[in-house]
Amino acid sequence: EGRTDKKQIEKIIDEQVEIICTNGTLGVEKLEELIIGYDLDNKDVFILVDEDSAGHKLRKQLSIELPHAQHIYIDKAFREVAATPKTELAIALVGSRIAVNPIFLT
């Protein structure tokens, strides 16, 4: 969703991945801009949001517009992507076949 989430993920991922920050829920126009601007209808898309009400709302909205997207979930106990331990995030990312730095899997 936001910059702190992006920074946390960037530390872990070990491949070229474009991370798009939505900074919470999106209006229809902004969502369309993202889909067209990043050509998301024609790319692999992974959705990773906070496990709070705003994140659930965003996930639902993105699911409708990007039905081909794969969902990545964090444990509800951590609530926020940025607050999730790196090992937990690495396991979630690997589960979606995203390459991570192996030091986070120990």
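In helix 1, the buried residues are D5, Q8, I9 and I12. Here buried means under 20% relative accessible area, exposed means over 50%, and partly exposed lies in between (1.4 Å probe, protein chains only). Helices (H or I, at least four residues) and strands (E, at least two) are DSSP runs, numbered from the N terminus. Seen down the axis of helix 1, its buried residues fall within an arc of 95°, so they line one face of the helix. The arc is that of the directions from the helix axis to the C-beta atoms. R3 and K7 are exposed on the other side of helix 1. Strand 1 and helix 4 are among the elements that cover the buried residues of helix 1. Contact is taken as heavy atoms within 4.5 Å.

The model is predicted: local features need pLDDT of at least 70, side-chain atom pairs count only at pLDDT 80 or more, and totals for chains, interfaces and linings use all residues. Residues are numbered from 1 along each chain as its sequence is written, and side-chain values use heavy atoms, with hydrogens and water left out.

The buried residues of helix 4 are L89, A90, A92 and L93. They cover an arc of only 165° around the axis, which puts them on the same side of helix 4. These buried residues pack against helix 1, strand 1 and strand 2.

The largest nonpolar core has 15 residues. A nonpolar core is a set of buried Ala, Val, Leu, Ile, Met, Phe, Trp, Tyr and Cys residues joined through side-chain atoms within 4.5 Å. Within the largest core, I9, I12, L48 and L93 touch the most other members. At least two of its residues come from each of helix 1 (3–12) and helix 4 (86–94). Helix 4 gives the largest share, four residues. I12 contacts K86, L89, A90, L93, V100, N101 and F104, leaving aside its neighbours within four places in sequence. Another core lies apart from the largest one. This other core has 12 residues, including L26, L31, V49 and A69. In soluble globular proteins, nonpolar side chains tend to be buried together.

Helix 3 covers residues 53–65, 13 residues in all. At 1.5 Å a residue it should span 18 Å, and its end C-alpha atoms are 19 Å apart, which agrees. The expected span is 1.5 Å times one less than the number of residues in the helix. G55, L58, R59, Q61 and L62 are buried in helix 3. They cover an arc of only 165° around the axis, which puts them on the same side of helix 3. The face turned away from this buried side carries the exposed residues S53, K57, K60 and I64. An α-helix has 3.6 residues a turn, so residues three or four places apart point the same way. Helix 2 (28–37), strand 1 (46–48) and strand 2 (70–72) are among the elements that cover the buried residues of helix 3.

L62 belongs to helix 3 and is buried, with a relative accessible area of 9%. L62 touches L26, L31 and I47, not counting residues up to four places away in sequence. L62 and N101 are 39 residues apart along the chain, and their C-alpha atoms are separated by 28 Å. R59 lies over the face of Y73, at 4.0 Å from the ring centre. A charge sits over a ring if NZ of Lys or CZ of Arg is within 6 Å of the ring centre and within 35 degrees of the ring normal.

The loops were considered next. C21 sits in the loop between helix 1 and helix 2. At 24% relative accessibility, C21 counts as partly exposed. C21 touches E1, G2, R3 and K6, not counting residues up to four places away in sequence. The C-alpha atoms of C21 and D5 are separated by 8.4 Å, with the two residues 16 apart along the chain.

D39 lies in the loop between helix 2 and strand 1. Its phi is near 55°, a positive value in a residue other than glycine. D39 counts as partly exposed, at 36% relative accessibility. R79 lies in the loop between strand 2 and helix 4. R79 also has a positive phi, of about 60°, although it is not a glycine. At 47% relative accessibility, R79 counts as partly exposed.
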